[in-house]
Amino acid sequence: MVKPFDFGGISVAPGEACHIELPVVRLYTDTEMAIPVYVHHGKQPGPTIFVSAAIHGDELNGTEIVSRLINRRELKSLRGTLIAVPVVNVYGVLHQSRYLPDRRDLNRAFPGSAKGSLAARMAHVVLDQIVSRCDYGIDLHTGALHRTNLPQVRANLDDRKTRAMAKSFGVPVLLNATLRDGSLRQAAGDLGVRILLYEGGEALRFDELCIRVGVRGVINLLRYLEMLQPRANKPKAIEPFIARSSGWIRAGDSGIVKHKRHLGDHVRKGDTLAVITDLYGNALDSVLSTADGIIIGKQTIPLVQEGEAMYHLAYFHEPHEVVENLELMQGALLPRTDY
């Protein structure tokens, strides 16, 4: 028999879904700030999973992914419990900023402290009230300001279970990413919570393809974890490629950027990725690929300073097959929503 799920002082009965405000801190304006949380407690037993978005306040694709996810009809048959957080960094979203008012990065403040800085207190609440209650998690991100990312999953792929989860998500690229000190992913791992980090799109923009990939990916993972029923007509799965390493290619001069290659492109060592010119159109520098790979992240504005990161390359043995997988994914998702 499934018991009610107690969260934030509210008892959520089996088969019910609730919107809950999770208090964080009181501001000096005497205003209470809270994190919005959606809890869906299934009628049947199963794991508990969190899906979090906007831990960086300018990364909004994940907010839309959560919004679409919690309105999916499949959740009516959910086994276990889903904790969905459309906005973690409420302060950052209010100011359309990656950071908190104290200029701290919330995703470098974990595990936090109940009596620390604003960032530390928020991190403590998220870890203690949400993450510690879960078996699994998905943290939704985009590229930083003026950068965009190819849909990808970053995780500890050396862990067999986590690697299987990442493959089930259904993106063309998996990146074996080391843990960052103070990150939500590191703190979750320390608690034994397996977590995936989904990247797609850019800051302060909705990217429809990345949003659809994200929604489908979460649904795929819930099915893999047997929290949802499998599809009757299961489509052919995209076999992802695992990148064990990646690197940024930087500008050799300052000026105006004329991009020649784009997100998802397969490039070879020595290929021209962009040309940097002065204000009069005179070429100052050619940005060349330093290795064979796939562009999984790139700058989006036509202005660059010398030394600035411009292209993020993931390195593969068979990069052309990654491109084919990306094209299949785009063809499958853009004309439809019934995934």
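In the predicted model, helix H1 is mostly covered, with seven of its nine residues buried. These buried positions are Asn61, Gly62, Thr63, Glu64, Ile65, Val66 and Leu69. The buried residues of H1 pack against strand E5 (44-53), strand E6 (79-85), strand E7 (136-141) and strand E10 (194-202), and also against helix H6.

Two packed helices are described by the angle between their axes and the distance between the axes. For helix H1 (residues 61-69) and helix H6 (residues 208-224), the axes come within 9 Å and cross at roughly 50°. H1 is therefore oblique to H6, and the crossing of the two helices is right-handed. On the H1 side, the contact is made by Asn61, Glu64, Ile65, Arg68 and Leu69. H6 contributes Glu208, Cys210, Ile211, Arg212, Gly214, Val215, Val218 and Ile219. Classified by residue type, the contact of H1 with H6 comprises seven nonpolar, two polar and four charged residues. Of the H1 residues in this contact, Asn61, Glu64, Ile65 and Leu69 are among those buried.

A further element of the model is an open sheet of four strands, in the order E16-E15-E13-E18 and with antiparallel pairing. Strand E16 (283-288) and strand E18 (303-304) stand at the edges of this sheet; each has a single partner strand, so one side of each is left without a neighbour in the sheet. Strand E15 (residues 272-277) runs antiparallel to E16 and is joined to E16 by five bridges. Within this pairing, threonine 277 has alanine 283 of E16 as its bridge partner.

Notes: Residues numbered from 1 in each chain as written. Predicted model: local features only at pLDDT ≥ 70, side-chain atom pairs only at ≥ 80, totals over all residues. Heavy atoms only, no water. Pairing = 2+ DSSP bridges. Axes fitted to C-alpha atoms, helices over the stretch in contact; angles between N-to-C directions. Parallel < 35°, antiparallel > 145°, perpendicular 65-115°, else oblique. Left-handed = near helix turned anticlockwise from the far one by under 90°. Contact = heavy atoms within 4.5 Å. Nonpolar A, V, L, I, M, F, W, Y, C, P; charged D, E, K, R; others polar. Buried < 20%, exposed > 50% of the residue type's maximum accessible area, 1.4 Å probe, protein only.
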